[in-house]
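Student: Hi! Could you walk me through this one?
Tutor: Happy to; let's look at it together.

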Amino acid sequence: MMKRDLKTLIQQMTLEEKAGLCSGLDFWHTKAVDRLGIPSVMVCDGPHGLRKQDEKGDHLGINESIKAVCFPPAVLSACSFDRKLMEDFGDAIGKEAQANDVSVVLGPAVNIKRSPLCGRNFEYYSEDPYLTGETAAAFIKGVQKHHVGTSIKHFAANNQEFNRMSASSDVDERTLREIYLPGFETAVKEAQPKTVMCSYNRVNGVFASENPWLLTEVLRDEWNFEGYVMSDWGAVNDRVEALKAGLELEMPSSNGINDAEIVRAVNNGELSMEILDQAVERILNVVFDWTDHRETQNFTLDKDHEMAQKIAENSMVLLKNEDQILPLSPEEKVVFIGGFAAHPRYQGGGSSHINSYKVSSALEAVKDVAEITYIEGFSNTEDVYQDELARQAVSAAAEADKVVIFAGLPESFESEGYDRAHMQLPACQNLLIREILKVQSNVIIVLHNGAPVEMPWKDQVPAILEAYLGGQAVGEAEINILYGKVNPSGKLAETLPLKLSDNPSYLNFGDGEHVNYAEGIFVGYRYYDAKEMDVAFPFGHGLSYTSFSYDHLKVDDSDFASDGIMQVTVDVTNTGDRLGKEIVQLYVQDCTKACRRPLKELKGFEKVSLEPGETKTVTFNLDRRSFSWYCTDLHDWYAADGTYQIMVGASSRDIRQTVSVQLSGAPLLPLKLHANSTLGELISDPRSRDFGLEMKRRLDAFFGAGNGDSDEAVSDDMSMAMVASMPLRNVLTFGLVSKDELSARLDELNRL
Ligand code: BGC
């Protein structure tokens, strides 16, 4: 295909046509310019299936869309920790989009799970930026193989639903760089999504839609984003400012109102034609990439249903399995309890809501495997304890060998558009579980939820399967795992805290106009580990029906000498008696004390499939960035010289092997000394140490330290600790250094 000459095409467009192209025709289409052969193309949600609306459009999941496949939402698929599977998932979506004339799919959604309460957590991958970025990049590659664009969203710091269209996420730069941006950064650098969707919220006071730092400096200049930025639906506040900041396409249509604003701004010189032309070119690039690469239909709904099942089976997390109560055997007398067995909750509410062409329930799926008894026990739509239903459940449970309770959150408990009020299951479910435990100890809980729930019965039940929201093949996946046809291999992409108030954002979540991200970089396990807190289940945790051992952790080239890569290998062996998959996780700990950092951070993972007795060597490639933190003084990533621990294990709290490495060759951080720098700061840096000690000596002499009387009252250590917090300006006002001497010495040091 010949490359199109877009510049010439744009020269032929009128100002009005150019402005028009920068906003939607309606809810889902871009505008055409028929006389120049520019077509109108369709975009549609979303992250885990097509929500293509043929008739009436909306962005809240209200009106019908075409029948499609509901794949597992991100909350579950991220637990696969499987790049290949995520790419295949994207590939399936890309094919469906091609066949349905959809040019851009509005996903993946990669916002960090800051609080369990965010109503949209089910659409997001993880509390960890590395896992988020790797997962998103793989998914994007899969979709875009088909020249169908993706729209990675919601850029950025959109971590709550309350006031999502107006609130400001107030986040310091280091936290943005280390926690909230890397998911986007990795995806852009590794997979070049065709579009980025900016979020509704403000970031540090400036709307994301008109934030030049975010949309141009970071996204384009630093990460080299090549596609176009579109607004979330209705996120534009000031159209002209937005265009200047780097927002090319406004969605949906603004009914011509904002197009007229653009025309006016160009005519009065407020907006340059170059900016407009560039925006049009970026949009047209993506439009034509799609129209020039149309594919004939090569998917079937049934095949994609199987794909949805495979993703669910590789992602559900076996949280607990005492005495190997699972897998079940068809010979056992099993009772299923709970409305979710018959009517599973498998997706969340809002713009990602899919009109599934079929849904499998556990009750249907089990028919091919075993004969069981089903008792509803409780309704899965409301929180009402119904005595008669509960009585039937308890009496059936008492008679059974084993009981599986299908529990979960009702539809209304979590959705786009609002946050959850608490982290509990409906009280009626907890109560029924308690009643059943009085007559039966072989209880297995299967959870259907888009975000963590408190589990007051956690220590009394022998097994818990976290099915999250499983997509439309949820039932088949659950039965295959429960009966052992599939060996579970998902691991948690988030920490499950014991209770809501343990969460680091607890005191600063859901605020109105300004949301203070006061916990900084200590999000998820970074916080729980630093606080040495007990959690219900840690990040990265997940069991298998087999077991694995880890040996021979090795680092090949600890100073990145040749190619900037440090290779780490570890041998993993399946020590049990069935085929299984292990997610091997690599965490890095910075022991240099150059700045405050989490105790560990995920920097690598690999999923390996092992036959019983088989050993495989798993390889990780680390680069300097794997060890770095974001230094705002340098405006860059930085890893100080010194010791780092590389920890490899089965979860963030099940580290099996550790090795230390020494890094060298880091530049020294610039000194930024001034009259209010403390003696402690000076003395701690080798470059300014002598000057700091000199100032201290003058102070000691001034206070008479070192004479007989003072020795008794103040030891050397005490005196050092006391002056550590003393600013240089005090030394100045005591007359111990002149203004000129001080500023000359500081200038000299700051130049080092
Ligand atoms: C959501 C987006 C979605 C868009 C279109 C918005 O309300 O925030 O995630 O893609 O609607 O439905």
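Tutor: A polar contact here is a pair of N or O atoms within 3.5 Å; within protein, one must be able to donate a hydrogen and the other to accept it, and residues adjacent in sequence count only if both atoms are side-chain atoms. This is a predicted model, where local features need pLDDT of at least 70, side-chain atom pairs count only at pLDDT 80 or more, and totals for chains, interfaces and linings use all residues. Residues are numbered from 1 along each chain as its sequence is written, and side-chain values use heavy atoms, with hydrogens and water left out.

Student: How far is a polar side-chain atom of E416 from an oxygen atom of the ligand?
Tutor: The distance for E416 is 2.9 Å. For R120, a side-chain N or O atom is 2.7 Å from a ligand oxygen, and for R164 the value is 3.2 Å.

Student: And how much of the ligand does the protein bury?
Tutor: The protein buries 100% of the 310 Å² that the ligand exposes when taken alone (Shrake-Rupley areas, 1.4 Å probe; for residues, only the protein chains shown count as cover).

Student: What does C198 face in each neighbour?
Tutor: C198 is the bridge partner of F155 and stands opposite S231 in strand 9.

Key. Pairing = 2+ DSSP bridges. Helix = DSSP H or I, 4+ residues; strand = E, 2+ residues; numbered from the N terminus.
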